[in-house]
Structures are given as structure tokens and as C-alpha cells.
Amino acid sequence: MITKKCPQCKNLISINSPTCLYCGRPNKFVTNDYVKRKWDRNYKNNKINFSKILISNKTLFLVIFALLIIIVSLYL
């Protein structure tokens with residue numbers, strides 16, 4: 001486990017910890033990366049992919065249109 005000194009209380013803390021266990025000071029090196037990674041992951045998961053929706057709508061439209069043509073051609 002890699003450790004470093006807390007700038008405020010000078011105790012050794014893990015680089016991976018988000019805050020100092022002794023004084024509670026945020027570990028800026030980890031906190032910025034952690035927040036950015038977490039935000040990017042959540043942002044990418046929550047983003048709507050319109051290309052998939054458009055493709056599924058086009059496909060649905062084509063299937064319905066083809067069925068409509070078949071039904072109309074059977075009755076004529």
C-alpha cells in the first residue's frame with residue numbers, strides 16, 4: 001500500500017483514501033480523479049443514445065409498413 005503524508009496533520013495516509021483518517025482533510029489527488037471518473041461513468045450511463053432509438057423506430061416503421069402493404073395486397 002502506497003502512503004503519503006497528510007499536508008495538514010502530517011500522519012501517513014493511503015493514496016487511495018478519499019480523506020485523511022486522522023483529521024478528515026480531503027485527499028485532493030484522489031478526490032479530483034475519483035469525482036471525474038465517477039461523474040463520467042454516471043454521465044455516460046445516463047446519456048440517452050438517440051441513434052439506437054432512431055434505428056429501432058425506423059425498423060418498427062418498416063415492419064409496420066411492410067405488414068400494411070401485405071394486408072392491402074391480400075384484400076385487393
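Trainee: Where do phenylalanine 61 and phenylalanine 65 lie, and how many residues apart are they?
Mentor: Both belong to helix 2, four residues apart, which is about one turn of the helix. Helices here are DSSP runs (H or I, at least four residues), strands are runs of E (at least two), and both are numbered from the N terminus. Keep in mind that this is a predicted model, where local features need pLDDT of at least 70, side-chain atom pairs count only at pLDDT 80 or more, and totals for chains, interfaces and linings use all residues. Numbering starts from 1 along each chain as its sequence is written, and side-chain values use heavy atoms, leaving out hydrogens and water.

Trainee: Why is phenylalanine 61 called exposed, and why is phenylalanine 65 called partly exposed?
Mentor: Buried means under 20% relative accessible area, exposed over 50%, and partly exposed in between (1.4 Å probe, protein chains only). Phenylalanine 61 has 55% relative accessibility, so it counts as exposed. Phenylalanine 65 has 43%, so it counts as partly exposed.

Trainee: Which residues form the nonpolar patch on the surface?
Mentor: Phe61, Leu62, Phe65, Leu68, Ile69, Val72 and Leu76 do, with about 780 Å² of accessible area together. Patch residues have over 30% relative accessible area and no salt bridge; like charges are joined within 9 Å, and nonpolar side chains (Val, Leu, Ile, Met, Phe, Trp, Tyr) within 5 Å. The areas come from the Shrake-Rupley method with a 1.4 Å probe, and for residues only the protein chains shown count as cover. Take leucine 68, in helix 2 (residues 50-75): its relative accessibility is 48%, so it counts as partly exposed.

Trainee: How do you know that the count of disulfides is zero?
Mentor: A disulfide is a pair of cysteine sulfur atoms within 2.5 Å, and by this rule the count is zero. For cysteine 6 the nearest cysteine sulfur, that of cysteine 23, is 3.7 Å away, and there is no disulfide. Cysteine 9 is in no disulfide either: its nearest cysteine sulfur, from cysteine 20, is 3.6 Å away. Cysteine 6 is buried because its relative accessibility is 1%, whereas cysteine 9, at 26%, is partly exposed.

Trainee: What does the side chain of serine 17 lie close to, starting with a backbone oxygen at 2.9 Å?
Mentor: That oxygen belongs to serine 14, and the backbone oxygen of threonine 19 lies 3.3 Å from a polar atom of the serine 17 side chain. A polar contact is a pair of N or O atoms within 3.5 Å; within protein, one must be able to donate a hydrogen and the other to accept it, and residues adjacent in sequence count only if both atoms are side-chain atoms. Serine 17 sits in the loop between strand 2 (12-14) and helix 1 (28-46), and with 14% relative accessible area it is buried. Serine 14 is in strand 2, and its own side chain reaches the backbone nitrogen of asparagine 16 at 3.1 Å.

Trainee: What makes the phi of lysine 10 worth a look?
Mentor: Most residues other than glycine have a negative phi. Lysine 10 has a positive value, near 65°. Lysine 10 is in the loop between strand 1 (3-5) and strand 2, and is exposed because its relative accessible area is 52%.

Trainee: Which pattern does the chain follow along the sequence?
Mentor: The pattern is β-β-α-α, from two helices and two strands. Of the 76 residues, 11% count as buried.

Methods:
A salt bridge is a side-chain nitrogen of Lys or Arg within 4 Å of a carboxyl oxygen of Asp or Glu.
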